[in-house]
Each structure stands twice: as structure tokens, then as C-alpha cells.
Amino acid sequence: MTDDTTFSPTDHALSPCPNLDITIEEGSQNSDQLLEHDGDLENDHETEQLFEIDGDDHEGNDLENECEQLFEIEGNDLETDRDDTTIVDFQNGISERKDYPPPVVGMEFESYDDAYNYYNCYARELGFAIRVKSSWTKRNSKEKRGAVLCCNCEGFKMIKEANSRRKETRTGCLAMIRLRLVESNRWRVDEVKLEHNHSFDPERAQNSKSHKKMVIGDKRKLEPTVDVEVRTIKLYRTPVVDAMGYGSSNSNEGEANNHFDRSRRLKLKNGDAQVIYDYFCRVQLTDPNFFYVMDLNDEGHLRNVFWIDSRSRAAYGYFGDVVALDTTCLSNNYDIPVLAFVGVNHHGQSVLLGCGLLADETLETYIWLFRAWLTCMSGRPPQTILTNQCRAMQTAIAEVFPRAHHRFWLPLVMQSMLDSLSEYQEYDAFQTVLRRTVYDSIKVEEFEMAWEDMIQRFGAREHEWLRILYEDRERWVPVYSKDASFAGMSNSEMVGTVSAFFDGYMYQQTSMKEFFHMYEIVLQKKHQKEALDDLESRDSSNILKTSCYYELQLSKLYTKEIFQKFQDEVVMMSSCFNITQAHTNGPVVTYMVKERDGEEILRDVRTFEVMYDKATAEVRCICSCFNFKGYLCRHALCVLTYNGLEEIPFQYILSRWRKDFKRLYVPDLGSNNVDITNPVQWFDHLYRRAMQVVEEGMISQDHYMVAWQAFKESLNKVRLVAEKHM
């Protein structure tokens, strides 16, 4: 099999590729010798071109701490998002400006030397030294592909050096950055740890290997000359730049200063603040688990707002595996700058998972919003997050949800490409080729070759938007995302369902009062639609189209909407006309399934590789339909049939699609272990259990009478306890 990532997904952001040779293992006690091994690594690091920013210098953009105080969030220090900071020398009472901001995930450099020099200069200013902890090269090549730069206090002295008279400088410090080569010409920061477990010693750091070889002439080159107003940056699009001009996919440089203005506040008209406050207070009276938080700037003005009701918090427990961020109102400059967190329920319908009103689209704002949302969800991040091509949002997601798969929402990317080529002479032909290139490629090599052929055929090599999207192809092209789950949200038919949650109800001039009135109407209609579809799926029988037992099996389990999509795969099993065994590795057998594209005999034939583990009944197809859509493809079903399986294995029947799965929309606030000394946990536990009785009591009149009687009896017993203590 050529594309092994299909069946052995790994976290490429955190580990080197399997075809790379590691120069030295991480954590090796010889790791500090790697500096010597790399030759004149530090000698070669010229530092005249470092982290300089286009435009005038800006004053410090200190992040607000109100949201962290409200949530008591544990995480990285938000100083990583500042443009520049101030270091105070308490001994001399001198304040020194810091020219090199802390590293953050997403920084990109033109070369390894630039990345090394930046981190080295940042370390020098802070008062510590660095070294190369590990690096790796491409197999059979000396080309460097990745590296880990760490504080020189990392690790501990080796056993054989324990009796050495040399002063111990190792403290086991974990501060580091991990670098990875992307696009063959840029170096990206993939992981950052800022915390040190030791005090800084600038004098000792200056005499370290990484700093003392920076001769006086080189150091002078690092300092900007006084008469230079415009400085050149060696980074592509760092979070610093994002905060100034890449707030959204359609931002432009002329808006940079507006995005960076820390005094910006939420655009409110007269009476809007009262409307927001009145709505929140009214909802809290009827929904005790309704949650909201407000972000204020230094002047006390409202900057950002986030809120979520109890039903949405509970729905996340069932449908929080894949979350899309609806930024329609932000992208189209609506008067109400609302962002919606959206998921997909068991009927394939959009479900709201939280809302925010944002003053701007900067990195600081998105970090605040995502941390507020994550706090409501008890710190449980989604598996996959879908967004538009917003650079600030991309960096914030890497900061707050480092383990989540972040992808650009494919239908939006496709539409943006087609819109940019709408006046192209061969638009129709290009559209056909583009869709075939993106959707029909099942291997990385196929996509790369097809894309190159398309660019050459239509002479689009100089098209800037296509070039940018191609550089980000790993975030939106399906063939690169086979290890991520999408719950069907990668399909083009989901455009109207998810991309604009309030579509048809909200317009550019919608007022705040109209918005909150409309907000309640939309949620009510969504809830009614889900209830009606639940009833239809439970009480109606699906019409079967084949004699395959897989179809009958899922017709009894899945909701009508999802079953019909799976049914199409069962019907298409007839197009798979040949199954051959390619090779065997223990219980794992690889099959080649041939499929005829269309009903005509002479139509194109495609071959799909399917792996089947006889010991665990695990099946994986190279098309990755199960990850993309949430149900098995026709190729996998054919292999199961070939191996005599009468039913679909249980691991491929997802509870998120089942119609017989009782969903109680009561927030899951944690385990049943209650701290009997904590009144807050008393309330949460009792409320959750009471709401379960309410949900069950709504099934029928008989259920209602039993629930009501139980409540009365329970209340009488509780009152008896109270009387004993009087």
C-alpha cells in the first residue's frame, strides 16, 4: 500500500514522518552533544534578518485577564499573544523593551537558520541559552526536515558525570520549540513550551555557546537603525501579523491598524447593551444552566460576549465530535457580529453549540472566545474543527485546541476558488476538472499530479488565490484528512445546513433586539424539527431496495435521513464486480476491490484498497468513507460480505446516528462523585437527575403522572428531613 497514512494515522504535527532518519532520539542523554554533531550550526547562524515587522512600531498589546479570572482556566500564559512586552530590571529599576515576542504555534520562517536565530535572540533577551535537543533528516539525504530547540537547562547530568567538579546547570527545564519543514521551503513552529523551572541568568547566558559566538558585528545587525521607519519581516504570516491584518480571510492591509486597536469595543447602538442584559437575565430564570460571560477592555467597555443554553451544552455531549464555526455575519459585515458554534445531530441537521458577539477578528479575541467555550464544555475539545481560511482563528485553534484536527470547510474553499475564477474564459471546464481533482483523488500522489495538470492546462500558475490555497492543501483537500472525522460535514450538500445557521432569518441591518427575538424563534423551530423527525424515524418503516442484510440491520437502528444515505452505499455494492486478495500480514488481509464508474460496462474502472483484520473484524478502505461520512462504504461492505460477516461490526454503528438512543438534553457536568461539602455540586447533581425525570415524564401522559407522583413523594420526604432539624 502506497499511502500508509490511510490506515495508520499519526499526529504529524507532533512526530516526525516515518520516512525520516532521526539524528538523535529525544530525551537521549547525549542530546547536548548534537550541537557538535551538526557541525558549525551556531557559527552559521547569521542574525541580521530577524523578526522585523512591516510598518511602524506598535505599543504593547497586553491581553486582558478578565476571562481567565472568571473561568479559572489553566493553560499557557497569554503573553504568547502579545506584540511586544516589557522586561523590568527590579535591581536597577530600569524598564527594557523586548524586541522578540515569545514563540507561538503557527510561526513560519523562510529557513531553519532564521528560526534558530529568532529563538536564540528571544532567549538572549530573556536571559537563557538554547541548544539543539534533536533533529531529523530525510532518509538517504542530509536535508534537515525538523528539529527541537530547547533551553540549555533541559535534562539532567549523566550518571558518569555525577562526580564531575563541573557546576550543575541542568534543571530538567521543559522550555522548547519544535520546528518542522513545510512546503519544502518554510519552517513552522509546531509546538511551544514557554515555562522554565529556573531563574534567568543573563550574564551566564551571554557566555553560553549559543550566544557567545554572536560577535559584536552580528549583534549590531540585530538592532534596528533609528532612522528606519519600515522594517522587513522574515516571517510569512505570524500570529503577530495576523492580529494586525489577517483577522479574516477577506481582510486587507488597509484595515491593519483598526484590527490592532486594543481600545476597540463591541459596536452597540443605543439600548443594545440593555437588550443583551435583559435577555440573559430572563433566560437564566427559566434555564439555571444557561451560561454567559462578558469580556471588558481596560476602560470597562464591552468587547466580546459569549453565551450558551443548557440544551446546547447537553447536545455537545452527543454531537461534539465535529464542530463548525459559522462566521457568515463576520465575513459579510453584518451589524450583529455573531459567531455560531455549530454541530450536526442524528438527522444530519445543524445544532447550535454556543454563540458569541465579537468586537473584532484578532488572535486575542478568538483565544478568549475559544477558552470561554471550552470551559463550558468541561474542557473537552472536539475531535475536528471546521472553519474558513482565517489566519487569526487558525493560530487561536492551535493554541486552545492543540490536539483537535483543524480543517478548512471544504465547500467554502471550493466556492471561494470558483468565485475567484468566475470571469475565467474556460470557467465551466475548469470547474469540472477542479471537482474531479479534489473529490476523486484517493491518494496524495494522484491529487498532486492532477492539480499540476490542471494548473498547466488552464494556465493558472500565476493565480494568487489558487497558489495560497494549494499551500494550505493539507487543511482542506480530503486526501490529506483521512485520519480526521467529519460526521458528513465535509459534503457539499451540507452547505446550507451548517455554513449559515441563521440563514433566512438574519440580514445585514438586523438590530440587536430583532436578533435575540429571531434567535429564540430559530432555536424553537430547530427543536421542533428534531422532535418531529425523531417521531417519524421511530414510527415509520424504511423501504428496502436490496436483499442485503446490512440494509435491513441499519434500517432498524439509524434515523431515516442517515439510513437513506447509507442505503445508497448498499445499492452501489452492485458496481463492485471484482475482489482479489493482494497480500496477507498475520490476521490482516489487503484486498483490491474493482468498481465500475457508472452503469455502462465500458465505463472507467477504479481500484480501491481495503484492509480487513480477521481477528477484530476491523475494516478500512482507502476512500475513508467512514471517517468522512460516519458509515461504511460499498467497498468495505463488499469485503465484509466476502469474508462471510452477516452483520456490520458494532464498532461501525455510531450512537450519534441511532434513532433508538435516548438523548436527554441535560448537561453532563461530570461524574456522579459528588463532594458532599460543596453546595454547588449538590445543585448540579440534583438538577441533572431531576431533568432526566422531566425528560422521561414527557414521553406520554402515563409517564407524566408517574413522574409527578414521584416528585411529590420526594418533596414530602425532603420536607420531613427539614422539620427534624427545626
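Predicted model: local features only at pLDDT ≥ 70, side-chain atom pairs only at ≥ 80, totals over all residues.
Residues are numbered from 1 along each chain as its sequence is written, and side-chain values use heavy atoms, with hydrogens and water left out.

**View 1. Strand β12 and its two partners.** Strand β12 (residues 338-344) is largely enclosed by the rest of the structure, because seven of its seven residues are buried (under 20% relative accessible area with a 1.4 Å probe, protein chains only; exposed is over 50%, partly exposed in between). Strands here are DSSP runs of E, at least two residues long, and helices are runs of H or I, at least four, numbered from the N terminus. In a regular strand, side chains alternate between the two faces of the sheet. Here Val338, Ala340, Val342 and Val344 point one way from β12, and Leu339, Phe341 and Gly343 the other way. Strand β11 (residues 322-326) runs antiparallel to β12, joined by three bridges (strands pair if DSSP finds at least two bridges between them), with Leu325 opposite Phe341. On to β13 (residues 350-357): six bridges join this strand to β12, again antiparallel, and Val342 stands opposite Leu352. Five residues lie between the strands of this hairpin, where Gly348 takes a positive phi near 75°.

**View 2. Two aromatic pairs.** The structure holds 43 aromatic pairs (Phe, Tyr and Trp rings, the last by its six-membered ring, with centres within 6.5 Å; planes under 30 degrees apart are stacked, over 60 edge-to-face, the rest tilted). Tyr118 and Tyr122 are stacked, 6.4 Å centre to centre with 25° between the planes. They are separated by about one helical turn, because they sit four residues apart in helix α3 (residues 112-126). Trp451 and Trp476 have centres 6.3 Å apart and planes at 65°, so this pair is edge-to-face. The pair links distant parts of the chain, with Trp451 in helix α16 (residues 444-458) and Trp476 in the loop between α17 (464-471) and α18 (495-498).

**View 3. Charges over rings.** Arg656 lies over the face of Trp657, at 4.6 Å from the ring centre.

Conventions
Lys NZ or Arg CZ within 6 Å of the ring centre and 35° of its normal.
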